[in-house]
Amino acid sequence: MSLKKSAQPAPDSTRRSERSRRAIYDAALTLVAEVGYPKTTIEGIAARAGVGKQTIYRWWSSKADVLLEAFLDLSEQASRDAGPEYEFAIPDTGDLAADLKAVLRLTVDQLRDPRFEGPSRALAAEGVVDEQLGRIAVAKLLEPSLQMYADRVRSAQEAGQVRPDVDPRIALELWVSPLAQRWLQYTGPISYEYTDTLVDYALHGLAPR
């Protein structure tokens with residue numbers, strides 16, 4: 001009588017691929033923070049992740065694509081951690097100042113998080129000298145956040161809380177740009193108090209009330 005070997009479960013290729021993808025994300029973000037964007041290579045990412053470089057090239061065409069997708073994934077994780085109400089829009093409680101302050105406080109937490117700070121600075125620095133990378137980073141990473149701010153300002157305009165002639169895209173720069181400059185150039189500490197003040201100045205101006 002012949003004995004048949006019991007069938008072994010097939011390896012879960014989807015799970016294995018996801019583990020490899022997450023390892024590549026982690027390796028890319030760690031390396032760019034440690035050595036900077038110019039010295040980060042596909043070979044280095046592969047070695048750190050414990051995969052063959054052909055695995056990376058099967059999913060991405062360049063290190064820029066790897067890093068941008070890894071950072072986008074990290075940002076999406078942060079949004080999920082903040083709560084479902086922050087994943088796709090800035091919550092509209094009817095109080096524009098409070099809503100802006102709440103989301104800017106989350107931004108402060110993110111900018112001070114070591115997981116974000118190193119990769120963010122590396123990508124921002126390289127984006128200054130590499131126009132193509134800079135434009136891609138803005139389109140994929142920054143533009144969605146800017147659009148959420150613009151949408152929240154438009155909602156406030158519809159509620160009569162902001163003048164109808166105000167351009168939302170210019171208005172949002174009153175709190176986004178100073179925060180970015182202070183963080184990038186170390187011109188001062190970033191804190192909840194600082195971003196709260198930015199919102200107060202932006203919405204109420206500097207003249208006596």
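Reader: How many residues does helix 5 have, and how is its reach to be read?

Author: The expected span of a helix is 1.5 Å times one less than its number of residues. Helix 5 (residues 96-112) has 17 residues, and its first and last C-alpha atoms are 24 Å apart, close to the 24 Å expected. Helices are DSSP runs of H or I with at least four residues, and strands are runs of E with at least two, numbered from the N terminus. This is a predicted model, where local features need pLDDT of at least 70 and side-chain atom pairs count only at pLDDT 80 or more, while totals for chains, interfaces and linings use all residues. Residues are numbered from 1 along each chain as its sequence is written, and side-chain values use heavy atoms, with hydrogens and water left out.

Reader: Which residues of helix 5 are buried?

Author: Buried means under 20% relative accessible area, exposed over 50%, and partly exposed in between (1.4 Å probe, protein chains only). An α-helix has 3.6 residues a turn, so residues three or four places apart point the same way. In helix 5 the buried residues are Leu96, Ala97, Asp99, Leu100, Val103, Leu104, Val108 and Leu111. Their cover includes helix 6 (114-129), helix 7 (131-158), helix 9 (173-185) and helix 10 (192-204).

Reader: Is Val66 buried or exposed, and what does Val66 touch?

Author: Val66 is buried, at a relative accessible area of 0%, and its place is in helix 4 (residues 63-82). Contact means heavy atoms within 4.5 Å. Leaving out residues up to four places away in sequence, Val66 touches Ile24, Ala28, Ile42, Ile45, Ile56 and Trp60. Val66 and Ile42 are 24 residues apart in sequence, with 8.8 Å between their C-alpha atoms.
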